[in-house]
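Me: Hello! I am new to this one and would like to learn how to read its features. Could you walk me through them?

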Amino acid sequence: ALETALVREPDASDAWAALSIARLDEHRFPRTTETDPAALDAALHAARRAVACDAENAFAHQALAMAHFFRREFDDFHIAAPRAVALNPAHADVLADIGLCHCLHGEWSQGLPLVDRALAISPRSTGWYHLPRAMHHALQGDFAAALHAVKSWPMPGFVWSEAHTAWFLAELGRHAESQAALQQLRLLHPGFEPSLARQLERWCVCDAIASAALAGWRKAGLAIGEVRIQPFTRTRG
């Protein structure tokens, strides 16, 4: 529908940005264990069109930053991300999305303040806003705080909410509850376990988070063999 609309109104910056995010989600949340290799190229193309149509559109720069991040073009992400935030510093989704990307990359000092600002602006926001703080608590060994963060605004059925809940419960020794969360994860997302390495790479998860999460998921009972995470590279888009 967006593509059809853009044929009629090719200068609609918001529509190009929305199309970019939609194509990005084909990569982040594929319907099968494999992703469409063209999705990230399409996301970047649409984001660039969004910026070209309106260089002052925060949504366009948000889409551009996220397209670069998930393409592992981190130098370009670090150029587009602050532009998105500067253009609309009170937009919760802009702050949370850019903050999440920083946190996944292990840039906590840059990412957490953005996520916290997003939560202050929109305290009843969607639950994924809480995941960066939950992961940070986990890396500090405070799994009670991590569990509280992920459960503070539940997202039943969301793959990463279920996975993190199983991880934190296992680390707290609450094995029956961890097994229940794991069972729910397998029921709702049967492809998660065999595609775990690809999932972590797809989300550009840094080694520190990936190592801690894998240890927790193994403790919870996920059948995880050797996982090799693609190292971070900084490339130009």
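Reply: Gladly! Let's start with a pair of helices: helix α5 (residues 74-87) and α6 have axes that come within 10 Å and cross at roughly 155°. Please keep in mind that this is a predicted model.

Me: How do I read a pair of packed helices in general?

Reply: Two packed helices are described by the angle between their axes and the distance between the axes. Here, angles over 145 degrees count as roughly antiparallel, so α5 is roughly antiparallel to α6. The crossing of α5 past α6 is left-handed.

Me: Which residues of α5 and α6 meet?

Reply: From α5 come F77, H78, A81, A84 and V85, and they meet V94, L95, I98, C101 and H102 of α6. By class, that contact holds eight nonpolar residues, two polar and no charged ones.

Me: Let me try another pair. At what angle do α9 and α10 pack?

Reply: Helix α9 (residues 143-151) packs against helix α10 (residues 159-171) at an angle of about 155°, and their axes are 9 Å apart. These two helices are therefore roughly antiparallel to each other, and their crossing is left-handed. On the α9 side the contact includes F143, L147 and K151, while W167, F168 and E171 are among the α10 residues they meet. Seven nonpolar, three polar and two charged residues make up this contact.

Me: And are α2 and α4 roughly parallel or antiparallel?

Reply: Their axes come within 9 Å and cross at roughly 25°, which makes α2 roughly parallel to α4. α2 passes α4 in a left-handed crossing. The contact involves, among others, D14, I21, L24 and R28 of α2, together with F59, M66 and F70 of α4. Its residues divide into nine nonpolar, three polar and two charged.

Me: Now for the empty space. How is that found?

Reply: Rolling a probe the size of a water molecule over the atoms shows where empty space is left. In this model, the largest pocket holds about 490 Å³ of space. Its lining has 30 residues, and R28, D97, L100, W128 and W203 lie nearest the centre.

Me: Which elements give two or more residues to that lining?

Reply: They are α2 (13-28), α4 (58-70), α6 (92-104), α8 (131-139), α10 and α13 (207-220). The most comes from α6, with five residues.

Me: How many of the lining residues are nonpolar, polar and charged?

Reply: The lining of the largest pocket has 21 nonpolar, five polar and four charged residues. R28, which also belongs to the contact of α2 with α4, is one of those nearest the pocket's centre.

Terms used: Residues are numbered from 1 along each chain as its sequence is written. This is a predicted model: local features need pLDDT of at least 70, side-chain atom pairs count only at pLDDT 80 or more; totals for chains, interfaces and linings use all residues. Side-chain values use heavy atoms; hydrogens and water are left out. Axes are lines fitted to C-alpha atoms, for helices over the stretch in contact, and angles run from 0 to 180 degrees between N-to-C directions. Helices (H or I, at least four residues) and strands (E, at least two) are DSSP runs, numbered from the N terminus. Angles under 35 degrees count as roughly parallel, over 145 as roughly antiparallel, 65 to 115 as roughly perpendicular and the rest as oblique. A crossing is left-handed if the near helix is turned anticlockwise from the far one by less than a right angle, and right-handed if clockwise. Contact means heavy atoms within 4.5 Å. Ala, Val, Leu, Ile, Met, Phe, Trp, Tyr, Cys and Pro count as nonpolar, Asp, Glu, Lys and Arg as charged, and the others, Gly among them, as polar. On a 1 Å grid over the protein atoms alone, a cavity is a set of points where a 1.4 Å probe fits but cannot get out, and a pocket is an open set with protein on both sides within 12 Å along at least five of seven lines; lining residues have an atom within 4 Å of a point. Grid points are joined across faces, edges and corners, and a volume is the space filled by probe spheres set on the points.
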